[in-house]
Amino acid sequence: MIGEHTVGDTVFFRGHGTLEIDPATIVPVLHRLRDRGYSFLASVHGVDYYPHEPRLGVHYELLDMGRVDRVTVKLRVPTDAPEVDSVTPDRAAPGGGVLAGWPTANHQEREVYDMFGVVFRDHPDLRRILMPEDYEGHPQRRDFPIGGEPVAFTYNDTPSLGPPR
Amino acid sequence: MSSTEEPTTLSAYRRQEQSITLAPVEEQIRSDVGGASDEASHELLTLNIGPHHPATHGVLRLLVTLQGEVVRDIKPIIGYVHTGIEKTAEDKSYWKAIPVVERMDYLSYFFNAMAYCGAVETLLDVEIPPRAQYLRVIHLEFNRIMSHLVWLGTSALDLGAISMFWYCFREREAILDLFELSTGQRMHTRYIQVGGVAEDIPRGFAEKLRKFTDAMPTRADQYGDLLNKNEIVLQRLRNTCPLDAQKLLELGVTGPLLRAAGNPWDLRKAAPYSSYDHFDFKIPVGTVGDNYDRFAVRLAEIYESTRIIEQALAGLPEGPYITTDRKVALPPRHELATSMEALIHHFKLVTEGFRVPPGEVYHPIESPRGELGCFVRSDGSSKPARVHMRDPSFVNLQATSHMAEGAYIADLIATLAMLDPVLGGIDR
């Protein structure tokens, strides 16, 4: 599962490290990091890297409370195959036994699905969380129009979101 | 029944009271129903609580599966106050996104602005002057007290102690007056700016602040006197809906809920930001992790926040209240008349705004409800490419079903109150 091509890129920016990994390895990577001490999953959130492909990114913010150290694990999936394994459920360990999941990711993965359209395989209850159940589209993608009414006297603001002109 | 009665001759009422126990709910059901073979006792009822309901602390909808009056499962349904704050912030320049982001968790607006500005300052790699850091701490801790007062008033209201609401909001009015004096606004003050604070504190602020911090511990003592030994409060909160620290950590819960379970994790002590390491304060920690500990931890935090404010005011350093980097913060108005560079900086900042070098930053702070993190991705332009607020209430809400399983509906209401959810933060 974890091999030489798991970690694609490492970034150390403003005193904080980020690992960019192969999306298929997210569950073993998080388990390996948890064994190293990064047991608290603080945040799971999505980013749309439009127009750079692969567009949809998912960030996992990990925290080691004992050493007070944080690390970010990030992966990117394309829009035509936006699937990632969910880290919420418990999984069977290869040698028998159970590898515990992160229940905290339940609502947060639902939000990433709702807003960006990333499908989390084996999520116990993957449905929209903030938007209505019958909503169409994934609002926080960068090419989704922001909508709203034009604001009077805002001459210097050009809208930056919406379909490319 | 008079107080001079000997303990051996109890009235019928007192004898009946003694037979009431908070025994495990299963035994209660079995003895009430009189045998486990009754079909009706196993029937599950799904009840919809909310979204319009005085006790759900906002527009929160709960699908509660009940067996009699015992809660078996809770599914929270949220999104009724979703206003697309994160999407809106992508369309505004970094300066203009501050008021947008402030309106997320509407009771801890200084914290929202602090998390966002902290992330942008990290991206810009700009230093915050010490006076600005102390002023930020003063306002953040006032916001913490104010948020805890609203929580205390509304929670006591849920339990039936209606006068507590008015006492807490009386103190809250004093804090909002202080905010109006220093920032010009009672709520959503846009006081915390990228690089520091919007303006210095006016004359008279220090005296009013001292009057408040002198009076606050006595007031908090009075709240404690009203509630701490009240029989109804104790019966409703003691040993109801406990959850151990390990389960809370798996659910991602931080803040007073985690501290009530015994884990003293507080970002102000663990990873101090904005000069919090200059101040001497304690972290109140509970033991059992039941509703009473959650209540006691937040009440104790009010005292500690008052101490921090006193120390911050006493040690307030001189100096600028915002960074002197003119590419980030507006120059003072009097310079515009004489300096060409100041005029150009002012023009560029007001029309386009400052540009932030590309990067991604996650900046966590300790808000009244737990870890509030702001993720900002910048692509080199003057508008953020992604703003995500990791709201503590959104994550803490997942613990509701674990806490309230097997408890009565009344305990569910008390647990929701002790959870301190703010729907603005949950829905954004």
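**Close-up views of chain B in a predicted model**

**View 1. Antiparallel pairing of strand 6 and strand 7 of chain B.** Nine bridges join strand 6 of chain B to strand 7 of chain B, which spans residues 370-378, and the pairing is antiparallel. The structure shown is a predicted model. Ile365(B) has Leu372(B), in strand 7 of chain B, as its bridge partner.

**View 2. The open sheet of three strands in chain B.** The strands are arranged in the order 6-7-8, with antiparallel pairing. Strand 6 (359-367) and strand 8 (386-390) of chain B each have a single partner strand and stand at the edges, so one side of each lacks a neighbour in the sheet. On average, neighbouring strands of this sheet are turned by 15° against each other, direction ignored.

**View 3. Helix 5 of chain B on the sheet.** Helix 5, residues 109-124 of chain B, packs on the sheet and touches strand 6, strand 7 and strand 8 of chain B. The direction of helix 5 makes about 145° with that of strand 6 of chain B.

**View 4. The crossing of helix 6 and helix 13 of chain B.** The axes of helix 6 (residues 130-159) and helix 13 (residues 291-314) of chain B come within 9 Å and cross at roughly 160°. Because angles over 145 degrees count as roughly antiparallel, helix 6 of chain B is roughly antiparallel to helix 13 of chain B. The crossing of these two helices is left-handed.

**View 5. Residues where helix 6 and helix 13 of chain B meet.** Helix 6 contributes residues including Tyr134(B), Phe142(B), His148(B) and Trp151(B). Among the residues that they meet in helix 13 are Arg298(B), Ile302(B), Ser305(B) and Leu313(B). By class, this contact has 13 nonpolar, three polar and four charged residues.

Key: Residues are numbered from 1 along each chain as its sequence is written. Chains are lettered from A and ligands numbered from 1 in the order in which they are written. This is a predicted model: local features need pLDDT of at least 70, side-chain atom pairs count only at pLDDT 80 or more; totals for chains, interfaces and linings use all residues. Two strands pair if DSSP finds at least two bridges between them. Helices (H or I, at least four residues) and strands (E, at least two) are DSSP runs, numbered from the N terminus. Axes are lines fitted to C-alpha atoms, for helices over the stretch in contact, and angles run from 0 to 180 degrees between N-to-C directions. Two residues are in contact if their C-beta atoms, placed from the backbone, lie within 7 Å. Angles under 35 degrees count as roughly parallel, over 145 as roughly antiparallel, 65 to 115 as roughly perpendicular and the rest as oblique. A crossing is left-handed if the near helix is turned anticlockwise from the far one by less than a right angle, and right-handed if clockwise. Ala, Val, Leu, Ile, Met, Phe, Trp, Tyr, Cys and Pro count as nonpolar, Asp, Glu, Lys and Arg as charged, and the others, Gly among them, as polar.
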